[in-house]
Amino acid sequence: MVEDVSKHSVHTLVFRSLKRSHDMFIANNVQPVLSDDAAIKIKLSCKAKDQYGPIMDLPETKREMRKQNMQQQQQLEAQPTGHYDYNDIPTQIEGGYPYPNAPGVELSDRSAVNHPPLNQGSVNNVMNNFPDTPQPQTAYGVNDIKQHAGIPERALPPSQALIAVSDKTKNSQALMPRKAPTMPKPKWHPPWKLYRVISGHIGWVRSLAIEPANQWFVSGSNDRTIKIWDLASGTLKLSLTGHVSAVRGLAVSKRHPYLFSAGEDKMVKCWDLEQNKVIRHYHGHLSACFDLALHPTIDILATCGRDSSIRIWDMRTKACIHTLTGHTNTVASIQCQSSEPQIVSGSHDATIRLWDLAAGKSRATLTNHKKGVRSVVLHPKLYMMASASPDNIKQWRFPEGNFTQNLSGHNAIINCLAVNADGVLVSGGDNGTIHLWDWKTGYNFQRTQAPAQPGSIDSESGIFAMKFDNSGSRLLTAEADKTIKIYKEDDEATEETHPLNWKPEILRKKKY
């Protein structure tokens, strides 16, 4: 009972205190707080020093200086004609604002401010008093400032630009027109002609691979079969079945009697060609596999596909060594080489990536293409590669992936590329066109399109894969009319019968 009374009394005391406070301040709660001028002044000075301190002590602004000049000019104009008070005219210009400091143009303490102009007589007097001082020179022009600042002069086109040519006998220089850069004359290549058509598949032929001994080749198709053909005669030697969807990638090992295949069924298989059966499966891809490549010196296999990843497999243990991620869309093409970068990939995300195989990560990303990259190919002799996209064919130099040149003119979706040791680069389009290029100069020396097979739809023409044989003298193409076509150089063609239709035009290639 006592506890209840004490609680009640405390409760009452609290409310009484609240009421007293309320009554005390109720009369003033609407009125604003009295302003303290001294406090406001201190607050404003602190804020000004904090936010505007660096510019509080600057000299007069240009506007005020301009106003003073106008006032002086009005005073001069107000005086009668012929009676100027020269004592009022300022005879000296005080130091003012710094000159604009362009990139690469350093200013000393003396040259950083404007100095009063000197007439010619005073200049001569100064020079006579200091004989070792160099004579005054004409002020630098814009071109001189650009040249010293490292800014290239682009006022004139290359064909009209001038260069200084020194004459050592007369110790003088003369301006001569600069010779415009021209494309070097391309090497003559004999034209290629179709000499064999191989039929046997009942679906689009999607992939090709050449046997290292150059005796036979293998093809994969949408009909889910892999066929082995004699390269010399074009006869069918063997058919392998096992995939349940289109076969998109093929490779034949140089060191083992193995054939590797990858398909849209997410399967990567290793075939023993002595037993003609599958001996290993490589499981891990989450979607269709689009390409595969074998490393030339170590027993590893690289595959890529629609899951935007590249997987590196141990050929014998079937273990996935690396899963290379970084692409954001389908990885359509992959290549391996023994020197760095050991893995090169092209993707539908319009990028090419160079991979560090030991670290398992990307070492460079090439973003020059504007559309998806469907094919990359390595030059067999040079330390270079080419990539194909609907916008351009681009050439790159290893190891950093430096851009070399564009090959423009194949206006199609380019599905595949091939290059031989003679410097003939071939591109195959989704519309069935084939363009042949000189690797060094990028000159397109031949364009052709093979006739579609009887019974096939003309609009269905397309080239999905192409390979040169190991001698570089025969070109194999896998096409949408369910055939494999073989091309070779025209033995009867000469430079006189098929001259280059080439003129030394000014080089206007885009360098990006």
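Modeller: Strand β4 and strand β5 (residues 216-221) pair in the antiparallel sense through five bridges; two strands count as paired if DSSP finds at least two bridges between them. Strands are DSSP runs of E with at least two residues, numbered from the N terminus. This is a predicted model, in which local features need pLDDT of at least 70 and side-chain atom pairs count only at pLDDT 80 or more, while totals for chains, interfaces and linings use all residues. Residues are numbered from 1 along each chain as its sequence is written, and side-chain values use heavy atoms, leaving out hydrogens and water.

Within this pairing, serine 207 has glycine 220 in β5 as its bridge partner. The two strands belong to an open sheet of four strands, ordered β4-β5-β6-β7 with antiparallel pairing. β4 (205-210) and β7 (236-241) form the edges; each has a single partner strand, so one side of each has no neighbour in the sheet. From one strand to the next, the twist averages 20°, taken between lines fitted to C-alpha atoms, with angles from 0 to 180 degrees between N-to-C directions.

Ile210 is among the residues in contact with phenylalanine 468, contact meaning heavy atoms within 4.5 Å. Other partners of phenylalanine 468 include Trp192, Val424, Val426 and Leu475. Phe468 is itself one of the residues with the most contacts inside the largest nonpolar core, which has 15 residues. Such a core is a set of buried Ala, Val, Leu, Ile, Met, Phe, Trp, Tyr and Cys residues joined through side-chain atoms within 4.5 Å; buried means under 20% relative accessible area, exposed over 50%, and partly exposed in between, for a 1.4 Å probe and protein chains only. The largest share of this core, three residues, comes from β28.

Strand β3 also takes part in a charged pair. Aspartate 490 and lysine 193 form a salt bridge, with their closest N and O atoms 3.7 Å apart; the term denotes a side-chain nitrogen of Lys or Arg within 4 Å of a carboxyl oxygen of Asp or Glu. Because aspartate 490 lies in the segment after β30 (483-489) and lysine 193 in strand β3 (residues 192-199), the pair ties together parts that are 297 residues apart in sequence. Aspartate 490 is buried at 18% relative accessibility, whereas lysine 193 is partly exposed at 36%.

Terms used
Lists of a residue's contacts leave out its neighbours within four places in sequence.
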